[in-house]
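Subject: Structure handover, aromatic contacts

Hi,

Here is the structure we talked about. Please open it next to this email; my notes on the aromatic rings follow below.

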Amino acid sequence: MNRILARYDVLRRFVFSFSIQLLMVHFKKNLTMMIFWLVLFGIVNGSVASKYGVSFLFLSPEYFDRVNFLSYFIVGFAVGGFIMAFNISSYIMNGYRFPFIATLYNPFLKYCINNSVLPFTFVATYLYKVYQFQLSEKVFATVHILFLESGFLAGLILFVFLSVSYFFTINKDIYKMFGVRGQEAIRERERIGKQRLEWKNLNLIKESRDWYVETYWTLPFVNRLVRPVRHYKKEMLRKVFKQNHQNAFFFVLICTVTLFVLSFFQDKPFFIIPAGASILLLFTMFIMLTSALYVWIRGWASLLLILIFLTVNGLYKLDVFNNSNKAYGLNYDTVKASFTNSVLDKMNCDSLQREADIRYTIEILNKWRLKNISANEKKPKLVLINAPGGGLRASLWTFYSLQYADSVLGGELLKHTELITGSSGGMIGAAYLRELYWRKQTGRLNSTHFSEYVNNMGKDVLNPIAFSLAVNDFFFPLQKVKKGSFQYNKDRGYAFEWKLNLNTDGILNRSLHDYLQPEKEAILPLMIFSPTVANDGRKLFISAQPISYLCQNYFTQNAHVQPLYDGIEYSRFFEPQGAQNTRFSSVLRMSATFPYVSPIVSLPSEPRIEVLDAGMRDNFGLETSLKFLFAFRNWITSNTSGVVIIQIRDKKKESPIDENPTRDILQNAVLPLGLLYSNLFNIQDLNQNQLLQYASLWFDQQVDIINLEMKRTKVDNISLSWHLTNNEKSRILESVNLKENQQSIQKLKELLN
């Protein structure tokens, strides 16, 4: 019987230990904080946003484009900040439920020790996942992986040590505040410890909000019985908590001001911390602000947060904060362009303008033909390049596959190319190669085939975006940046362009107008961008050249239908606002507006035009290529021996058929939307394949499609992100050696030679 009672006591004291009761309080009273922990566990385990490689931001963080001790140290420091924010918020919201801790020496430290179940589990899980991930990457030896993990632990311990030191110095317990020595409490605890505790709580002040606790942990990790607090006045205990809460609030205030100051250094490389650390900063900020509000107004905190959100939301709608993202170089202070159907109809019905633009482009094509005609006057092949969307993986694959093909062709690829179009990351990679080609043409480079350019294209772009989101965009941009004669907000759009220019040594830091003359002289192939207009789904055609023929419909005598113009010519529509002065990096960004990562770009029109990623309408640029071929079909038939369309693809054209497993209720609820998004690019492929087939009815020349496909599998996918791991970069580069790609490059060589 005694043995059974002893086991019962052990079990009961475990269940009613301070640590377990705190965990239960969180699940019952603090679900918001539990959601943050759930998200973090999901990220580290790869079950949250795995398609976008979010887990890699934590498992393989980069600082100054390197994975090293310091990058892990920063993530560890950020994890320490989140853990302390969790402890502070929990202490403020739940400390009063456990009045016995007010009688302990350094109550906040004791609270943190007993509140460490979730933090300890997360840290252990993180370290295991880091070790597992880095082993799979096959970049670092085991000893070096442990060294990296020591960096994480060092950062974590440093932040926790600084925080605890702060509270240890200024927090007061009941002894320091009232001079109570607690001898009576000690004797009472010893007396109670000698007998088995009954279910009735003898140790707490009798209030319904109190939670029953029998034991707690203290340093050096000793389990002790809870002291009785019945003999203390309630007011004494409340004053201890109030003083501790005020100190916690000042700590939150210090951290908030620190983040505010950091926002002024978002374009200084030293302060661009790993993206995983920035995500933790966001979580930490939210938890700290809610706990600070709780200190002020207690039970009214939730209502106040809702009122603040509604107020800020209303001010945003009134554009009080002027927080919309803009294309740098455009004049937003002049008269706005009129964005109406009548204005678009007038522009797109101007057949004289269309014919003038066709004649203008034919002059460019004639210069291209003279440059490519062979010694025996054989007609050249016209090459068009279609670049895919897909973040940094598309940028790197597009650049490297074209660079490799160009080296096989003896540097002749871009010479034969007259048009580059596509979307998102692929256009960034193609633009970088085109700029290098131009520099080689003008004698500023010896070659475009150096590996350093490949390394540049694979560098992280996400860190400054995440940092800006955490310290700046989370509220509203406070800083301005001057571009030409105008000022714009410094936000994550600015961070994207700043890092892109930094990665590429500033060679893309040009205006759209800078490409007018070299494209006109056929020194460079045309680049036509087509981001999607969010207002109505039209394409916004952006080019240094006049291209109204892409926006206007060609009327036939047999089809009597109401015309729908699916394109807006950027340079003409925004000519009064200085469209040609637009920074080229902003043009690249408009074409690559990754949802939630890159902000939607607003343009100076009334009503305001907002643009999304070009991949929403034409992920590979084939529609634009076919429109171009249609406009110049007669010239192409007379002056070329055919057309070669190089399609760079970050996925196979013929996708495998998905399995149809049994789904739960939630999966069935989101199934229609999920299927639409997941099949968006498959739908585009199917439609565009039909357009290619129909092209044979109006195009008399031969069209050869050369596919260069990046290797991807369901089990070994590559992140759709602006950050890639070393292993992902290697797999992308290895794709050029695939049998299919080697055959495609050989066929390309035969066609052009």
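Is tyrosine 328 buried or exposed? Tyrosine 328 is buried, because its relative accessible area is 1% and buried means under 20%. Keep in mind that this is a predicted model.

Tyrosine 328 has a ring partner, tyrosine 494. The two ring centres are 6.5 Å apart. Their planes meet at 75 degrees, so the pair is edge-to-face. Tyrosine 494 is buried too, with a relative accessible area of 8%. This pair links distant parts of the chain, 166 residues apart. Tyrosine 328 lies in the loop between strand S3 (325-326) and strand S4 (337-338). Tyrosine 494 belongs to helix H21 (residues 492-503).

There is also a charge at tyrosine 328. The charged end of arginine 589 sits over its ring, 5.4 Å from the centre. Elsewhere, arginine 444 places its charged end over the ring of tryptophan 438, 5.7 Å from the centre.

Now the wider count. The structure holds 33 aromatic pairs. One of them joins tryptophan 37 and phenylalanine 41, with ring centres 6.3 Å apart. Their planes are at 45 degrees, so this pair is tilted. Both residues sit in helix H3 (residues 31-44). They are four residues apart, and therefore separated by about one helical turn. Tryptophan 37 and phenylalanine 41 are both buried.

These two also belong to a cluster linked by ring pairs. Its other members include Phe36, Phe82, Phe86, Phe122 and Tyr126. Phe152, Phe283 and Phe286 are in the cluster as well.

Best wishes

Conventions:
Residues numbered from 1 in each chain as written. Predicted model: local features only at pLDDT ≥ 70, side-chain atom pairs only at ≥ 80, totals over all residues. Heavy atoms only, no water. Phe/Tyr/Trp six-rings, centres within 6.5 Å; stacked < 30°, edge-to-face > 60°. Helix = DSSP H or I, 4+ residues; strand = E, 2+ residues; numbered from the N terminus. Buried < 20%, exposed > 50% of the residue type's maximum accessible area, 1.4 Å probe, protein only. Lys NZ or Arg CZ within 6 Å of the ring centre and 35° of its normal.
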